[in-house]
Amino acid sequence: MKSGMMEHALNNDTNYLNDGTTLRSWLLTTDHKRIGILYMLSITFFFFIGGAAAVLFRLELMTPRGDMLSPDAYNKLFSLHGIVMVWFFLIPAVPNVLGNFLIPLMIGARDLAFPRLNLASWYIFMAGGLFTLLVIIIGGVDTGWTFYTPYSSTYANTYVILAATGIFINGFSSIATGLNFIVTIHLLRAPGMIWFRLPLFVWTMYATSLIMVLATPVLAVALALIAVERIFHVGIFDPAIGGDPLLFQHLFWFYSHPAVYIMILPGMGVVSEIVPCFARKPLFGYTFVAMSSLAIASLGFLVWGHHMFVSGQSVYAGLIFSLLSMLVAIPSAIKVFNWTATLYKGTIFLKTPMLYALGFIGLFTIGGLTGICLATLAFDIHVHDTYFIIAHFHYVMVGGMVMAYLGGIHFWWPKMTGKMYNEWLGRINALIVFLGFNLAFFPQFILGYLGNPRRYHVYPDEFQVFHVMSSLGASILGVGYVLPLFYLIWSYKFGRSSGQNPWHARGVEWEAASPPIKHNFYEVPVVDYPAYDYPPAGPDFTMSEGELEPTSPEQPQRRITSSHGT
Amino acid sequence: MSHSAELKPLFYNFAALMVLLAITIGMSYVDLGAFNLFVALLIAGIKTFLVALIFMNLRSTSNVSRLAAVGGLLWLGFALILTAADYHSRGWNEAQAHDLIEVEQARP
Amino acid sequence: MSHSTTIEVALPFDDAQQQRSAAILGMWIFLATEILFFGGLFVGYAVYRYEYFEAFREGSHEMSVVGGGLMTAVLLIGSLLVAISDHAIEEASADIDQRKLRRRLGGYLGATTLLGVAFLSMEFYEYYELIHKGLFPGPGFDASSFPASVRDTQTIQMYFTLFFCMTGLHALHMVIGISLVGGMAVLLSRSEHPQRYANLLTGIGLYWHFVDVIWIFLYPLFYLVR
């Protein structure tokens with residue numbers, strides 16, 4: 001480790017980004033940080049593909065008649081939007097980009113436990129993603145992202161098997177990542193990094209990985225059965241020869257309901273990092289927040305039947321599922337209350353990441369509370385398969401997860417690139433996203449309540465005003481998604497250096513250089529302090545010229561010790 | 001080999017598995033009604049336990065690995081129990097029995 | 001590890017022990033996903049057996065109890081051999097005759113591979129017989145030999161659909177397992193220091209045992225419904 005120090009002194013400019021600049025050095029890398037960047041580029045690509053589909057069908061929905069798209073094209077577009085956004089953006093977004101990049105840094109490891117498996121998971125992801133895109137180019141699929149039988153197994157005339165294959169392939173990538181994270185978090189924590197010193201981001205990643213590992217295979221087998229049914233014309237889900245279409249829904253939602261927690265837990269982890277940093281306070285109720293992640297992950301497996309309240313499922317099972325679904329509100333509320341308690345009497349700095357985090361808390365709360373409405377059997381029967389559902393889960397997925405993802409990207413951008421983006425543009429953009437989002441999706445609650453069903457390309461005239469509002473909001477939201485692309489890339493090229501720790505954050509990941517060197521730390525950190533050890537009382541920072549400035553010159557400096565000799 | 005004594009558990013385990021195999025075949029010829037399934041699954045469970053404990057070395061592996069094994073089974077249990085909650089109380093079978101033929105006839 | 005000097009420790013790990021723990025834990029987590037992968041089918045089995053017990057009983061009469069028992073025994077012998085190999089590679093001390101170790105490992109794993117092939121041959125013969133009798137599910141399914149109660153409702157087809165799906169998925173796993181164990185037999189019998197591959201062998205062994213365990217359940221569920 002002594003040689004490491006010397007290297008540091010001599011070679012200060014080497015980091016993971018410029019340590020090998022050829023395409024080959026990127027495509028064959030096993031460095032978790034580079035793989036995180038590869039994922040970031042790929043999911044951004046998929047995000048804009050899925051977004052383009054949304055633009056098209058929101059345009060169609062400006063008028064009550066089907067004047068732009070045929071019904072078939074409309075069906076294919078919303079299926080494309082759902083499939084791409086769920087499996088190729090939301091699920092990999094935070095885990096595979098920020099999780100890959102940050103877990104080893106946060107726990108003081110040199111890399112993930114299986115670096116080559118990590119790279120393989122990216123290749124599998126790309127194979128699955130590009131295969132699915134190919135399917136869409138040759139004609140697409142019109143079953144929706146849910147592939148409900150018997151439509152998907154017996155009647156659909158589109159490329160169901162091929163689309164399912166793309167998702168099936170992608171599942172291996174999810175499993176590989178989850179497995180890698182679990183082993184890493186169990187075995188590669190730095191000396192002193194006990195479980196209850198882990199940042200909450202790592203706790204949520206652990207909970208997310210459990211879901212990825214335990215739920216994904218059930219989706220795989222459900223999709224495989226559809227393929228088998230279509231190829232061999234057997235009747236696993238076909239009522240005409242003794243099958244039960246609902247069995248598919250059971251299997252599908254056994255994966256897909258926990259999977260919606262893959263799409264929100266990581267966002268909660270990001271927010272748990274951002275809030276203490278910009279409130280300059282330790283996170284309130286650390287243990288409860290950590291345990292609530294595991295509770296959400298486990299309870300999430302017991303509630304899938306609330307997607308099937310009107311499907312013909314037994315009403316008694318519906319009752320059980322309804323009750324269990326309400327239970328999920330408890331750990332979710334624990335998180336929200338603890339974030340707000342952290343804000344209470346904090347010294348709050350409204351920097352870009354914090355704006356996104358605050359947006360997350362508000363929007364997730366709306367999404368979560370409407371979720372309780374939907375878990376209520378009687379209410380669900382009124383709004384089932386209407387725009388109310390669409391609004392509900394977009395409040396969680398987009399208002400929650402995408403906000404958290406953007407917040408996380410802004411928060412750790414200096415860590416990833418060593419550069420600082422334009423703070424003013426960042427804040428404006430957070431505002432644009434927040435306003436655009438609410439304009440796009442709040443009217444959909446009303447539409448759904450009034451009875452406009454989802455997945456139709458035409459609707460009665462009286463709903464037009466809400467649809468126009470929604471489309472307008474979507475356009476504003478689009479601006480909010482394209483803008484960061486430009487100012488973040490600009491900052492990477494021309495931005496000013498951020499320094500090692502521009503937010504004066506207290507996580508172990510900030511002990512490494514920004515951007516970090518190839519194997520993360522010059523010296524393996526020894527962790528002898530709790531997570532979020534922000535000074536417990538009083539503001540330690542003031543805002544000066546838009547920057548956090550320490551109030552006293554001697555900030556508690558952290559000692560970096562080598563593990564050798566301990 | 002000096003360590004042949006430590007191989008003994010493997011052979012004992014194998015012998016036990018063969019005996020259980022014989023029992024499970026034998027029991028299938030005895031009509032116990034619904035208990036046949038129970039007995040068959042119980043024996044399969046014991047065999048699985050033996051394979052996991054001795055052959056797969058779960059007796060001397062880390063607790064986390066044991067947790068992974070138990071977790072997989074527990075989660076399968078969640079899937080089975082909650083799915084059963086639906087089918088057991090739906091009354092599908094009775095309805096199915098006479099509807100099926102109509103569905104078949106209605107098909108083009 | 002008695003012979004850790006020959007084992008290269010990969011970058012993220014501190015020592016060979018940690019690396020071995022990671023390999024074993026990683027494999028167990030993978031097996032947990034496999035439980036759920038087969039689990040989806042077991043859920044399907046449970047549902048349809050619950051609803052159509054009569055069909056499952058009729059269907060299982062087409063299966064050979066002794067044949068299936070023999071297949072189980074073949075797999076269990078393979079498992080024993082894999083366990084012995086794993087034991088041998090872990091317990092062997094540094095000064096052991098490498099040539100002898102190589103030959104033993106090659107022999108055990110080679111025999112396991114052959115047993116795997118024997119299992120698959122029996123299984124495929126059974127498939128052949130069933131297909132010959134017109135019992136492959138689909139439009140060509142011939143239910144005429146079954147009682148009216150399961151024939152007219154087509155529920156008898158569900159038994160065979162699940163039989164082919166579940167044993168087919170198991171057979172696919174067997175093919176992968178045979179390739180892995182066969183590959184290990186070749187690799188270890190040629191390696192200068194077979195112990196370098198101890199973690200790999202343990203992982204592949206765990207997979208092999210797991211595939212066995214699945215069959216331990218498939219056998220009573222399809223052959224012994226009576």
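**Notebook: chain A, then the B–C interface**

I started with contacts (heavy atoms within 4.5 Å): of those in chain A between residues at least 6 apart in sequence, 82% join residues at least 24 apart.

A note on the ground rules: this is a predicted model, where local features need pLDDT of at least 70, side-chain atom pairs count only at pLDDT 80 or more, and totals for chains, interfaces and linings use all residues. Residues are numbered from 1 along each chain as its sequence is written, chains are lettered from A and ligands numbered from 1 in the order in which they are written, and side-chain values use heavy atoms, leaving out hydrogens and water.

Next I looked up the overall dimensions. The C-alpha atoms of chain A fill a box of roughly 75 × 45 × 45 Å along the principal axes. Its radius of gyration (over C-alpha atoms; the globule rule is 2.2 Å times the number of residues to the power 0.38) is 24 Å, which agrees with the value near 24 Å for a compact globule of 566 residues.

Then I checked burial. Buried residues (under 20% relative accessible area, 1.4 Å probe, protein chains only) make up 62% of the 566 in chain A.

Finally, I turned to chains B and C. I found 45 residues of chain B in contact with 45 residues of chain C. The buried area (accessible area lost on being put together, 1.4 Å probe, summed over both parts) is about 4100 Å², with carbon and sulfur atoms giving 77%. On the chain B side, Phe55(B), Met56(B) and Leu76(B) lose the most area to chain C, together 14% of what that side buries.

Technical notes
Buried < 20%, exposed > 50% of the residue type's maximum accessible area, 1.4 Å probe, protein only. Buried area = accessible area lost by both parts, 1.4 Å probe.
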